[in-house]
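The following exercises are to be worked through with the sequence and the coordinates side by side. Each task is followed by a stepwise solution.

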Amino acid sequence: MERRATFRSPLLPWLLVLPQLLIIFVFFYWPTGEAFHWAFTLEQPWGGGRQWVGWQNFQEIFGSAAYWSSVRTSLTYAFGTSALAILIALLLALFIDREVRASRGWRVALIWPYAIAAPAIGMIFRFVFDPRAGVFSTLNALWPGAWDPALNGTHAMLMLILAGAWQLVAYNFVFFLAGLQSIPRPLIEAAAMDGAGPLRRMRDIQVPLLAPTFFFLVVINLTDSFTNSFGLVDIMTAGGPARATEIMVYKIYADGFKGLDYSGAAAQSIVLMGLVILLTVIQFRFVERKMHYR
Amino acid sequence: MVERRPWLDVFTHIVLLLSAVALLVPVWLALVAATQDVAGVNSVPIHWLPGGHLADNLAEAWRRGGFATRFTTSLIVAVGVTVGKIVLAMLAAFAIVFFSWRARVLVFWAIFITLMLPLEVRIVPTYAVAANALAPFQAILDATGLTGLIETVSGIHVALQWRLLNSYPGLILPLIATATGTFLYRQFFLTIPEELVEAAKMDGAGALRFLWDVLVPLSRTTMAALATIMFVYAWNQYLWPLLVTTEPERSTVMVELSRMVPRGDGLPEWNIVMAGALLAMLPPLAVVVLMQRWFVRGLVQTEK
Amino acid sequence: MAAIELAGVSKTYGTNAAVREVDLALPEGAFVVILGPSGCGKSTLLRMVAGLEAISAGELRIGGARMNEREPKDRGCAMVFQNYALYPHMSVAENIGYPLKVAGVSRTERQARVAELAAALELTPLLARRPGQLSGGQRQRVAIGRAMVRRPKVFLYDEPLSNLDAKLRVQMRLELRRLHERLGATSVLVTHDQQEAMTLADHLVVMNAGRVEQQGTPREVYARPASLFVAGFLGAPAMNLLPAEVLASGDTLRLADGTLLRLPEAVGHRGAVMLGIRPEHVEAGRLPATVEMVEDLGASVLVHARMPGGAALTLHSPADAAPARGEEIGLDLPPARLHLFDPASGVRLPLGRIPASQRAEDGLFVTSASL
């Protein structure tokens, strides 16, 4: 990032970054600091401020079965959604890349789901999978209770994963297609000259060269599933039935805003932050490698 | 390349067509539901072909959701976030890339780190800040003893207060507090040839003049990409508006949409709800379809 | 009077010195060419004159006034960049007029001056186009127009021709020279192309490793290169350089294969030297050599020959009398055309003049070397 040609001024750069710094200070650094503050303190019941309690809040959440259940739920959701979304997107991109002539039109046909808000998707999928009005209503008419995400936790999770993957497919697809199109054309042509057919070229050349994009998307999809899933869960299941879909973000929201347990919610936030930072660090190390790779 | 694989071509098209259809099915069903009356939408088996009540349902959803005001609110928020983000991002990236100053690396990292933690994971304390955006400064004054000092000197007790709940700044500002745009702009600025900066210097242009005359016009594509991404991002926000708008009249389209389904076991009027969902998802959908090129570019470049 | 003076000018990056204590006085109205291989500090030197690079030590004066602290726009210089650095979103007219716009010149006057310049540079039909729609040569002219519009006292060119193809380069070279004659301003051009340097310069400065190796008219520098570096760098094909030894007598050279050559006059140096002779000065004679390769240049033929001791020699030969590959030929190295260099320091050894300071040591040297 070192550049030779720069301007010099003692004051101007500060004025230029000031608005951004102020905003991130108030809405990023301060709240993050507060989260740490709350996580290690407890509000006194009759006033008198917050008292330092060390790791007590963390011990409490790690000792709670409900917390571990939300961790398991989050992992199930994150890995289910990511795996589904990545595999489908990869297949689509490989096929579309073959069809160079029409790939532009296909791109529009496949990218639009990313524009749809989680609440709208949640609402639509909730209707589609509604036991009384949705696609499975016929099934339920024959065998009452065969499909009911409002009562069956597995059904609810499946529905959630499908909705989440439906949204992410479009995003992943864009990246896979960009990755495929950045593979130098002569490489493909060389393989064709060497006698490799289209399917063989996909397997031997395109898929291996997509490895960086693939790992990048795994990380991004997981991060997204951990943090960005609130809207879907809140609209579709509200964490139910019987906490079967209470993922970590939702539990933070429920404990913090409904249970008014700020310290517990803050401690959970810290754990989630750790998880997200870990994923981000992996991503940056990987992005670093991608640079060398090219 | 000459390559004749008719069967593979057919197969390719079938796979693509099936996927496009699979992606479309849920939305198609929603559309069909929005054209039914209450009996039609709850009939078993589900209807696959549209009925004739679309206009009624849309009108009813529009009325029931109070979408006239909600759309205005959502639009102001989305445009506010988009414009705010672009302006802040451009200025900050400009300072980071085109100036040599001692604190540059420090500032760069301070902004960079915000990429790591999305709003959702620090939602509870951010909400507390929204209740009083000046609380951080008050806390600093208290901690440094300045409050006491000012009180003894002037007799005025300093109590900074700026409540952001149910306000546009409250809806907009926290959504701007990330570095996505700054990094998009930084990447773009790094591609500007150094000689262009030097030519401008030789021509007598100062920093701001260079920003305005050269960088702003050259960054139009970056701007379009960022604008598309940010508009969609802001319009689709759910959690934050849900928290920060405690008064129903202040809520956004997405929050209102979620309220169209009764909590508890009541049977929702799916035809109206689906009509509402269609209305709510229309603006970002239109933006993405119309600005498809910029949207894709923005997505790939910000890498989120 | 000198238009640009540099006194002890240096540029250091951390501990790296890019330019080391350069002293130069560039004559007013001259076309000065700074020549050197890439990385020799010539561009840095130019950028220091322009004000794009801060001067680490020493003083720069333009028109007699100290310039070290002045901003680029206040130095009365204009610059043409290697990649032209045209503003891609502005039309040709806007590009040329931009310095005036920044300076606050009124729109009508701006248009008048742009139109006048465009006519002189034959850019009038292109004024509404964007740089992206122009050819390399046209972009070059727009860049020159943008430099001229403020009527600077000094033009700085940073490798302006290196991005053009060979034919256009020759044409633009002539155009630059013509422009210089017409404007009468001082021009400073940086290049690594020795042919460009020879043809354009009134005053040639050869740089190497951050230092000025030699300066003077191109003819002087070509005829009497001050160092091994200049000798090898200037001229295409390059000067032949052969290791040799000055015998005790001081007027006889022994080549690696034992061949003895008489010098026109005695030199002060004894022992190992580097002998230089330009290809065009090698003549037919009695020294045996084998032809290894023949390159037809069209107007003449370039012969690569090898002497029995293994030394390689390049020489020109008329096209109609070209030897064949493998042929044995006889050569002569005319004494008046020889250049001698100290192989350790690379400094040119003056023929026929013995510096007084060297004499005492020479006595010792003779005894050990005359075995």
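**Exercise 1.** In which strand of chain C is the place of Ala2(C)? Determine also whether Ala2(C) is buried or exposed.

*Solution.* This is a predicted model, in which local features need pLDDT of at least 70, side-chain atom pairs count only at pLDDT 80 or more, and totals for chains, interfaces and linings use all residues. Residues are numbered from 1 along each chain as its sequence is written, chains are lettered from A and ligands numbered from 1 in the order in which they are written, and side-chain values use heavy atoms, with hydrogens and water left out.

Step 1. Ala2(C) belongs to strand S1, residues 2-13 of chain C. Helices (H or I, at least four residues) and strands (E, at least two) are DSSP runs, numbered from the N terminus.

Step 2. The relative accessible area of Ala2(C) is 18%, so the residue is buried; buried means under 20%, exposed over 50%, and partly exposed in between, with a 1.4 Å probe and protein chains only.

Step 3. Leaving aside residues up to four places away in sequence, Ala2(C) touches Ala25(C), Leu26(C), Pro27(C) and Glu28(C), a contact being heavy atoms within 4.5 Å. Between Ala2(C) and Ala25(C) there are 5.6 Å from C-alpha to C-alpha, although they are 23 residues apart in sequence.

**Exercise 2.** Characterise chain C as a whole: how many helices and strands does it have?

*Solution.* Step 1. Chain C has nine helices and 19 strands.

Step 2. Its C-alpha atoms fill a box of roughly 80 × 50 × 35 Å along the principal axes.

Step 3. Of its 371 residues, 49% count as buried. Among contacts between residues at least 6 apart in sequence, 65% join residues at least 24 apart.

**Exercise 3.** In what order do the four strands of the open sheet in chain C stand, and which of them are at the edges?

*Solution.* Step 1. The order is S17-S16-S15-S18, with antiparallel pairing; two strands pair if DSSP finds at least two bridges between them.

Step 2. S17 (312-318) and S18 (328-332) of chain C are the edge strands; each has a single partner strand, so one side of each lacks a neighbour in the sheet. From one strand to the next the twist averages 50 degrees, where axes are lines fitted to C-alpha atoms, for helices over the stretch in contact, and angles run from 0 to 180 degrees between N-to-C directions.

Step 3. Consider S16(C), residues 300-306. Seven bridges join S16(C) to S17(C), and Ser300(C) stands opposite Pro318(C) in S17(C). Six bridges join S15(C), residues 283-296, to S16(C), where His304(C) is the bridge partner of Met293(C).

Step 4. Examine the turns. The hairpin of S15(C) and S16(C) has three residues between the strands, and Gly298(C) in the turn has a positive phi of about 95 degrees. The hairpin of S16(C) and S17(C) has five residues between the strands, and Gly310(C) in its turn has a positive phi of about 105 degrees.

Step 5. Five of the seven residues of S16(C) are buried, so this strand is largely enclosed by the rest of the structure.
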